Structures are given as C-alpha cells and as structure tokens.
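Please consult the sequence and structure shown below.

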Amino acid sequence: MDSDFAANRSSQRRPRRLRLPLPRATLRCSPPLSLLLLLPLLQLLFLQTANAAKATSVQSTLQTLTERDLICGSCRYIFEPVDEWVKASEVGAMSQKKARKWLKKKMAKDSICASSRFSDRMGVGHRVGKYPPRLVEDAVQFARGSGFGHKDPTELKRVADGTHEELRRDRTVGPYVMTACFYWLDGLLEPLSDALEDLLMDGRGLMDFVCNDHLKVCENRDEL
C-alpha cells in the first residue's frame with residue numbers, strides 16, 4: 001500500500017522547468033546596451049540641471065547688484081571701454097561692413113569679460129545724488145591718480161581697507177560683475193550691430209544704448 005501511495009505521489013509531481021543559461025554574448029552586451037540607452041537621458045538631465053543652476057546663479061547675481069545699488073554702475077564699468085575703443089579706432093569713419101566687423105572682434109567675451117578686469121582690487125565709489133556708484137578696476141591706483149592722499153596721507157590706506165567715505169576697495173564685487181558681464185554679452189552683438197550706424201551718426205555712446213535701451217538697468221540717461 002505504502003509503495004503504491006508513494007508511486008502515485010511521485011507520478012503527480014509537476015515536471016521541473018528547464019532553465020537554459022543565457023548566451024555569454026548576451027550577458028556581455030546587455031549592460032553596455034542599457035547604458036547606451038540611458039546615456040542621452042543622463043546627458044539631458046545633466047544639461048537641465050546645469051542650466052537651472054546657471055540661471056539661479058545669474059538671477060542671484062543681478063539681485064545682489066541691484067540690492068547694493070551697483071547694477072547700473074556695473075553695466076557702465078563693463079561697457080565703458082567700448083566707447084573709448086570707438087574713439088581710438090575712429091569707427092565713425094569706417095564703412096558699415098568694416099564697422100560691424102570691428103565691433104564683432106571687440107565684443108568678444110575674452111576681451112570685454114577678461115578676468116583681469118574683475119579682481120579683488122576693484123573699487124566702488126559712493127552715490128552722488130542721481131548718479132549711481134562708480135566702479136573702478138583698481139581702487140588704490142584710481143584714488144592715487146585722482147589726488148587722494150595729497151592732503152591726508154591716510155586716505156589711500158582707507159581706500160585700500162574699504163573704510164573711505166568716497167571710494168573704497170571692495171574685494172567681493174568682482175565675481176558678481178564678471179557673471180553679469182558674461183550674461184549681458186550673450187545675444188548683444190546683433191542688436192548693437194543693428195544700432196551702430198545710428199548711434200555713430202547721433203554721436204551717442206554704445207554704453208548708453210546698452211545700459212539704458214537694451215538692458216534697461218539704468219533708469220535714465222542722466223545717470224550716464
């Protein structure tokens with residue numbers, strides 16, 4: 001009896017499934033193929049994250065400059081050399097084609113936004129009435145050339161340590177202004193090139209057009 005019962009239980013057992021091993025080629029190729037499929041998604045995610053971080057950094061920079069009453073002064077500092085270059089190169093006497101070519105060369109980021117212009121030697125002047133604070137490349141050098149220290153030998157030291165009431169060295173402002181420079185320069189060449197001929201005919205500075213008309217960071221032309 002027992003043997004018959006055992007035989008019946010044995011005959012009722014389900015057959016085991018046969019598990020075939022995957023080909024080695026499949027095992028070797030699957031991970032790389034998966035990574036290749038994920039790579040574009042990872043790249044897109046990285047770019048989106050980087051762009052978001054960049055936008056946040058730029059907005060934070062502009063907000064800081066605005067809160068410190070330096071937004072207009074920063075624009076003036078960045079683009080003031082362009083007007084000096086226009087006069088020195090006699091751009092007004094050039095043909096329109098040649099003037100546009102000149103402008104394209106001068107408006108390169110490695111020229112306008114060179115890191116040497118935004119060092120910890122920068123200085124910030126005080127606001128005078130409706131005129132915004134002025135930024136200078138080297139506070140002590142500018143002060144010395146402007147006559148600071150002739151009557152009071154301590155003036156240059158106060159400029160350097162940031163305690164002078166009219167002009168102070170500011171070690172923190174440079175990175176903010178440089179970030180604004182790169183941001184403002186993006187997409188600026190085309191509208192500036194289109195306006196160049198009229199600006200030269202009217203005798204109006206390029207800095208005025210950029211800071212007042214295009215970027216609108218200076219309230220009125222009297223500030224310039």
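Helix α3 (residues 71-89) packs against helix α10 (residues 206-214) at an angle of about 150 degrees, with the axes 7 Å apart; axes are lines fitted to C-alpha atoms over the stretch in contact, and angles run from 0 to 180 degrees between N-to-C directions. The model is predicted: local features need pLDDT of at least 70, side-chain atom pairs count only at pLDDT 80 or more, and totals for chains, interfaces and linings use all residues. Residues are numbered from 1 along each chain as its sequence is written, and side-chain values use heavy atoms, without hydrogens and water.

**α3 and α10**
- The two helices, α3 and α10, are therefore roughly antiparallel (angles over 145 degrees).
- Contact (heavy atoms within 4.5 Å) involves Cys 75, Arg 76, Phe 79, Glu 80, Val 82, Asp 83 and Val 86 of α3, and Leu 206, Met 207, Val 210 and Cys 211 of α10.
- Of the residues in this contact, 8 are nonpolar, 3 are charged and none is polar.

**Helix α8**
- Buried residues (under 20% relative accessible area, 1.4 Å probe, protein chains only) in α8 are Val 173, Gly 174, Val 177, Ala 180, Cys 181, Trp 184 and Leu 185.
- These buried residues fall within an arc of 130 degrees seen down the axis of α8, so they line one face; the arc is that of directions from the helix axis to the C-beta atoms.

**Gly 174**
- Gly 174, in α8, has 0% relative accessibility.
- Beyond neighbours within four places in sequence, Gly 174 contacts Phe 118, Ser 119 and Met 122.
- The C-alpha atoms of Gly 174 and Phe 118 are separated by 4.3 Å, although these residues are 56 residues apart along the chain.

How values were computed
Buried means under 20% relative accessible area, exposed over 50%, partly exposed in between (1.4 Å probe, protein chains only). Helices (H or I, at least four residues) and strands (E, at least two) are DSSP runs, numbered from the N terminus. Angles under 35 degrees count as roughly parallel, over 145 as roughly antiparallel, 65 to 115 as roughly perpendicular and the rest as oblique. Ala, Val, Leu, Ile, Met, Phe, Trp, Tyr, Cys and Pro count as nonpolar, Asp, Glu, Lys and Arg as charged, and the others, Gly among them, as polar.
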